[in-house]
Amino acid sequence: MKLRSKAAALLLLALAALLLALLSLRTGRAAPPAPLARPASVLPRRPVPAPARLPGLGALPGAGQGPRRRSPPRLRPRAGRRGAASLKKLVRRPVESRSFQVVLPHELWIHLAVVACGNRLEETLVMLKSAVLFSHRKMQFHIFTEESLKPEFDKQLRQWPDSYTKKFEHRIYPITFSVGNPQEWKKLFKPCAAQRLFLPVILKDVDSLLYVDTDVLFLRPVDDIWKLLRQFNSTQLAAMAPEHEIPKIGWYSRFARHPFYGSAGVNSGVMLMNLTRIRSAQFKNSMIPTGLAWEDMLYPLYQKYKNAITWGDQDLLNIIFYFNPECLYVFPCQWNYRPDHCMYGSNCREAEQEGVSVLHGNRGVYHDEKQPTFKALYEAIRDFPFQDNLFQSMYYPLQLKFLETVHTLCGRIPQVFLKQIEKTMKRAYEKHVIIRVGPNQMH
Ligand SMILES: *[C@@H]1O[C@H](CO)[C@@H](O)[C@H](O)[C@H]1NC(C)=O
Ligand SMILES: *[C@@H]1O[C@H](CO)[C@@H](O)[C@H](O)[C@H]1NC(C)=O
């Protein structure tokens with residue numbers, strides 16, 4: 001009897017070891033960061049899945065990692081990882097664990113586009129750094145820039161540590177207008193400003209795209225904003241945040257001489273687009289009674305409104321969605337948080353509740369003294385040494401800097417800016433405790 005239970009115990013142990021070995025292949029802590037470690041078999045069922053962990057920062061104690069605990073509900077296979085964590089305690093694992101990656105099909109990558117001209121190189125690199133820093137899923141960067149900036153982008157991105165570069169690939173494109181007569185377009189718009197309107201046409205092979213201005217910073221995983229694509233109903237093909245939370249004092253309601261979306265217009269600094277849908281849609285318009293395809297509509301639309309518009313392409317987008325409101329998904333202000341949301345007093349309720357998710361330091365506030373809270377965040381991410389502990393080298397310095405901003409209205413609500421970063425830190429810390437302290441307790 002005793003012997004039998006011993007044998008059973010041994011069998012159980014062997015099974016546990018086997019299970020552990022299998023699990024460690026997927027969750028290995030020293031496993032190389034890059035593409036999401038995710039069982040290929042679950043991919044087709046959940047094309048926009050919750051990330052399993054934060055790759056790229058795998059071996060860094062302070063770097064955010066660990067399973068996400070927010071909606072959408074996690075997959076069953078991953079729920080087993082808590083158990084795996086305790087199993088892990090039984091075995092001291094070698095520091096260098098084998099590299100094993102489940103290759104994420106390219107369709108499931110996040111596509112991030114930015115248009116950078118003039119002196120926006122550093123700002124753009126800091127934005128991309130924030131994207132890599134907090135995100136889980138593999139990303140494809142589409143960088144549109146002037147010929148003269150290309151080599152520097154290439155050089156700097158290649159200098160990032162492996163744990164970062166493994167999480168993305170980048171492509172650099174010249175500024176082009178592949179529809180109609182490029183020379184004509186270049187004369188009509190400032191070349192760089194209008195580029196984003198042409199992304200659906202230029203990036204023909206890309207299904208969906210997150211476009212951001214260079215002065216945007218991600219304070220939480222890009223995966224989270226990407227998930228909003230799944231919330232589009234059948235007529236929606238793009239998502240933007242309102243230009244202003246209080247329509248009465250917003251710019252559009254007071255000054256615009258052209259139609260604009262909703263009661264306050266929308267801001268185009270953060271734009272989530274299903275390009276497949278944009279390319280196949282027919283858009284209602286004020287020029288002809290039938291619908292027009294995206295690329296056929298841009299030029300006549302510009303011709304019609306050029307004397308009324310102030311902000312170029314953003315105004316055109318507002319006009320387009322004025323005539324096609326059912327096509328736009330309006331996301332809350334925490335996904336495009338600008339100085340306007342706090343400099344007259346806090347007016348972005350979602351950010352008060354959830355924290356700022358995507359920061360947009362427009363009007364140059366990262367580079368002057370007008371909004372020190374925005375500047376502090378920019379500098380904290382810019383100056384974060386790539387391989388360091390996020391707590392010590394980013395979060396603590398940031399808190400100190402925030403103390404010096406309390407004389408401003410934005411500085412009076414530090415929690416709004418820190419909430420999402422704190423969440424990432426917390427996850428990283430919990431993971432750290434399980435991984436680092438866990439095994440030691442056994443000895
Ligand atoms: C974009 O829209 C197309 C056509 O409706 C759809 O097949 C595709 O899954 C959508 N992409 C995403 C990421 O939701
Ligand atoms: C999708 O949502 C938008 C905005 O709420 C709405 O105008 C549109 O009618 C919806 N489309 C469908 C098919 O329900």
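This note goes through the nonpolar cores, one lysine and one surface patch of a predicted model.

1. The main core. The largest nonpolar core contains 70 residues. Within this core, the residues with the most contacts are L210, F218, F331, Y337, L359 and F417. Helix α4, which spans residues 121-134, gives the most to this core, namely nine residues. Domain 1 (106-331) and domain 2 (346-436) each supply at least three residues to this core.

2. What is L359 in contact with, once its neighbours within four places in sequence are left aside? The list is D215, V216, L217, L219, Y337, Y366, F374, L377 and F417. Two of these, Y337 and F417, are also among the core residues with the most contacts.

3. The other core. Another core lies apart from the one above and has 43 residues. Its members include A113, L209, L292 and W294.

4. A lysine in a helix. K375 is part of helix α16, residues 372-383. Is K375 buried or exposed? K375 counts as buried, because its relative accessibility is 16% and the cut-off for buried is under 20%. Apart from neighbours within four places in sequence, K375 is in contact with V365, Y366, D368 and E369. Y366 is also in contact with L359.

5. A patch on the surface. I246, I249 and Y344 together form a nonpolar surface patch with about 280 Å² of accessible area. I249 sits in the loop that runs between β6 (238-242) and α11 (251-255). With a relative accessible area of 38%, I249 is partly exposed.

Methods. Residues are numbered from 1 along each chain as its sequence is written. Chains are lettered from A and ligands numbered from 1 in the order in which they are written. This is a predicted model: local features need pLDDT of at least 70, side-chain atom pairs count only at pLDDT 80 or more; totals for chains, interfaces and linings use all residues. Side-chain values use heavy atoms; hydrogens and water are left out. Patches are made of residues with over 30% relative accessible area and no salt bridge: like charges are joined within 9 Å, nonpolar side chains (Val, Leu, Ile, Met, Phe, Trp, Tyr) within 5 Å. Accessible areas come from the Shrake-Rupley method with a 1.4 Å probe; for residues, only the protein chains shown count as cover. A salt bridge is a side-chain nitrogen of Lys or Arg within 4 Å of a carboxyl oxygen of Asp or Glu. Helices (H or I, at least four residues) and strands (E, at least two) are DSSP runs, numbered from the N terminus. Buried means under 20% relative accessible area, exposed over 50%, partly exposed in between (1.4 Å probe, protein chains only). A nonpolar core is a set of buried Ala, Val, Leu, Ile, Met, Phe, Trp, Tyr and Cys residues joined through side-chain atoms within 4.5 Å. Domain bounds come from an automatic or database domain assignment. Contact means heavy atoms within 4.5 Å.
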